Amino acid sequence: MKLPGYYSSGEFAKMAHLTVRTIRFYDKQNILKPSYVNDSGARFYTDEDFARLQQILLLKYLGFSLEDIRNMTIGDSDYHMLKNSLNLQLKLVKDRIEQMELVANAIEDTAKAIDTEQEINWSQMLNLIHLTNMENTLKSQYQNATNISARINLHKLYASNQQGWFPWLYEQCHITEPMDILELGCGNGALWKENYSHLPAHIHITLNDISEGMLRDTRREIELLENGLHSNTAVNPDPLPLQHHTDSRFTFNAFDCHRIPYEDETFDLVLANHVLFYCDHLTDVLDEVRRILRPNGIFICSTYGASHMKEITSLVQEFNSLIILSADKLYERFGLENGSTLLAPFFTNIHMEIYKDSLLVDQSEPLIAYILSCHGNQNQYILDRYKDFRTFVEKKTKKGFSITKYAGIFICRK
C-alpha cells in the first residue's frame with residue numbers, strides 16, 4: 001500500500017538518479033535510513049530524506065569517506081537547519097575550489113622548475129604533498145564551522161537581550177582611531193561582521209585562528225561586506241593568500257596563540273572571545289598577550305560560569321544519563337569564578353562585566369543542532385535514536401524551554 005508523501009526505494013532511487021542498490025547500501029552503512037519500513041520490510045523515503053541525500057552526495061563528491069559523512073551529517077528538513085547546512089556546504093565547495101587551484105599552481109610551478117633547473121626541487125615537491133593531503137583539514141573546518149554556526153544560531157533566535165552578544169562585546173571595546181587590534185581565535189569573524197558598519201576608517205585589525213580554512217571563510221565574507229554584497233552572493237573564488245584582502249583595515253594570520261609572532265608592544269587592544277579555556281598552557285598565552293600589548297594596552301577575554309546553559313545538560317541526561325556534552329568543565333580551566341585570579345599575575349585593573357541574558361526556546365530544531373555541536377559523546381547516543389530524541393525535545397520545548405546564561409568578559413590593563 002502506497003503511503004501519501006512517501007516514496008518506495010525504487011521511486012526514491014530513480015528520482016535521485018541512483019540505483020536501488022546504492023540506496024540500500026547507504027541504509028546498511030547507517031548513513032541514510034528510510035523514514036518508514038512496513039511489516040513486509042519494504043522501505044519508504046520522504047522529501048526530508050532527499051535533503052540528507054543531497055548533503056551525502058555532495059560530501060561524497062568532495063572526496064569524504066563514508067565514515068566521515070556519517071559523522072558530518074544529520075537528517076532534518078527544518079528550514080533553519082537546511083538553510084544553515086546549505087550555506088556551510090557552499091563554503092566547503094569554495095574552499096575545495098581554492099585548494100584545488102593551489103594544487104594546480106603548485107603542479108605547474110614544480111613542472112617549470114624541473115624544466116628550468118633540470119632537477120627536482122624537493123621543497124616544492126613537499127609543498128605539493130601537503131596540498132594534496134587536505135581532506136582531514138577540510139573535514140575539521142567543516143565540522144568547526146557547523147558547530148560555531150549552531151551555537152550562534154540558538155542565541156540569535158531566542159536571546160532575551162535584544163542587543164546581542166557581539167554588538168555588546170564590540171561596545172565594551174571602545175575602539176577609536178588609530179588603534180592596532182588583534183583578535184585571537186576569531187572563528188568565523190562574527191564580532192567584526194556584525195559590527196562592520198561601526199568600524200572606524202583608520203584602524204588595523206589582525207584576525208587570528210589556528211585554522212587557515214576558517215580564516216579564508218572570514219576573509220571572503222569581509223570582502224563581501226566591503227563590496228556591499230550579501231553573504232550569499234556568488235564571488236570569484238580566486239585562491240587568494242591569507243594576507244591578501246580587499247579591506248586594508250584587516251589582516252589574517254593563522255598561528256597558535258601560545259607563540260604569537262609579533263614584536264613586543266605591537267597592539268593597543270587584544271581580544272580572546274571564548275578562547276582561553278581551550279589553551280593547554282594558559283600562562284604561556286597570557287604572558288604572550290602581555291608582551292605584545294603596548295603600555296596601558298587593553299586585553300578583553302570572555303568566558304562563562306558554572307551555571308551557564310545548565311538546563312541543556314539536564315535535558316540530555318534525562319534522555320540518556322550516559323550523555324556528557326563536554327569531557328571537560330571548561331569554566332574550571334578559565335571561567336567567571338576563577339578568571340580574575342588567573343589573570344592577576346599578568347594584568348592590573350581587572351574588571352568583570354556580565355552579559356545579562358537568557359533563552360526561551362520554543363522550537364526543537366535549533367536546540368538539537370546546538371546539542372549535536374557540543375564536544376562530548378552525545379552523538380554516540382543520539383544519532384541512532386534521532387527521531388526519538390527529536391520527539392523528546394519537541395515535548396520539552398512545546399511550552400517554552402528556559403535556559404540560564406551566565407557569560408561575561410574580563411577587561412584587563414597592562
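This is a predicted model: local features need pLDDT of at least 70, side-chain atom pairs count only at pLDDT 80 or more; totals for chains, interfaces and linings use all residues.
Seventeen is the number of salt bridges counted in the model, written here as 17 salt bridges. In one of them, the side chains of aspartate 27 and lysine 33 come together with an N to O distance of 2.7 Å. Aspartate 27 is buried, its relative accessible area being 5%, whereas lysine 33 is partly exposed, with a value of 44%. A second salt bridge is formed by glutamate 221 and lysine 193, whose closest N and O atoms are 2.5 Å apart. Because glutamate 221 belongs to helix H10 (residues 212–226) and lysine 193 to helix H9 (residues 190–194), this pair ties together parts of the chain that are 28 residues apart in sequence. Glutamate 221 is itself buried, at a relative accessible area of 15%.

Glutamate 212 counts as partly exposed, at 41% relative accessibility, while arginine 216 is buried, with a relative accessible area of 12%. Elsewhere, salt bridges with shared partners join Asp27, Lys33 and Arg43 into one network.

The aromatic side chains give a count of 22 aromatic pairs. One of these is the tilted pair of phenylalanine 12 and phenylalanine 50, in which the centres are 4.4 Å apart and the planes stand at 45 degrees. This pair links distant parts of the chain, since phenylalanine 12 lies in helix H1 (residues 9–15) and phenylalanine 50 in helix H3 (residues 47–61), 38 residues apart. Phenylalanine 12 is buried, with a relative accessible area of 0%. An edge-to-face pair is formed by phenylalanine 334 and phenylalanine 410, with 5.9 Å from centre to centre and 65 degrees between the planes. Here too distant parts of the chain are linked: phenylalanine 334 is in the loop between helix H13 (330–333) and helix H14 (339–343), phenylalanine 410 is in strand E12 (residues 407–413), and the two are 76 residues apart. A contact between a charge and a ring is found where arginine 249 lies over the face of tyrosine 196, 5.2 Å from the ring centre.

In helix H12 (residues 310–319), the buried residues are Glu311, Ile312, Leu315, Val316 and Phe319. These residues lie on the same side of H12, because the arc that they cover around the axis is only 130 degrees.

Glutamate 177 and proline 178 are joined by a cis peptide bond, with omega at about -5 degrees, and proline 178 is located in the loop between helix H8 (165–173) and strand E4 (180–184). Asparagine 30, a residue other than glycine, has a positive phi near 60 degrees; asparagine 30 is placed in the loop between helix H2 (20–28) and strand E2 (36–37) and is partly exposed, with a relative accessible area of 43%. A positive phi, near 50 degrees, is likewise found at asparagine 349, which lies in strand E9 (residues 348–355) and counts as exposed at 60% relative accessibility.

How values were computed
Residues are numbered from 1 along each chain as its sequence is written. Side-chain values use heavy atoms; hydrogens and water are left out. Buried means under 20% relative accessible area, exposed over 50%, partly exposed in between (1.4 Å probe, protein chains only). Helices (H or I, at least four residues) and strands (E, at least two) are DSSP runs, numbered from the N terminus. The arc is that of the directions from the helix axis to the C-beta atoms. A salt bridge is a side-chain nitrogen of Lys or Arg within 4 Å of a carboxyl oxygen of Asp or Glu. Rings of Phe, Tyr and Trp (its six-membered ring) pair if their centres lie within 6.5 Å; planes under 30 degrees apart count as stacked, over 60 as edge-to-face and the rest as tilted. A charge sits over a ring if NZ of Lys or CZ of Arg is within 6 Å of the ring centre and within 35 degrees of the ring normal.
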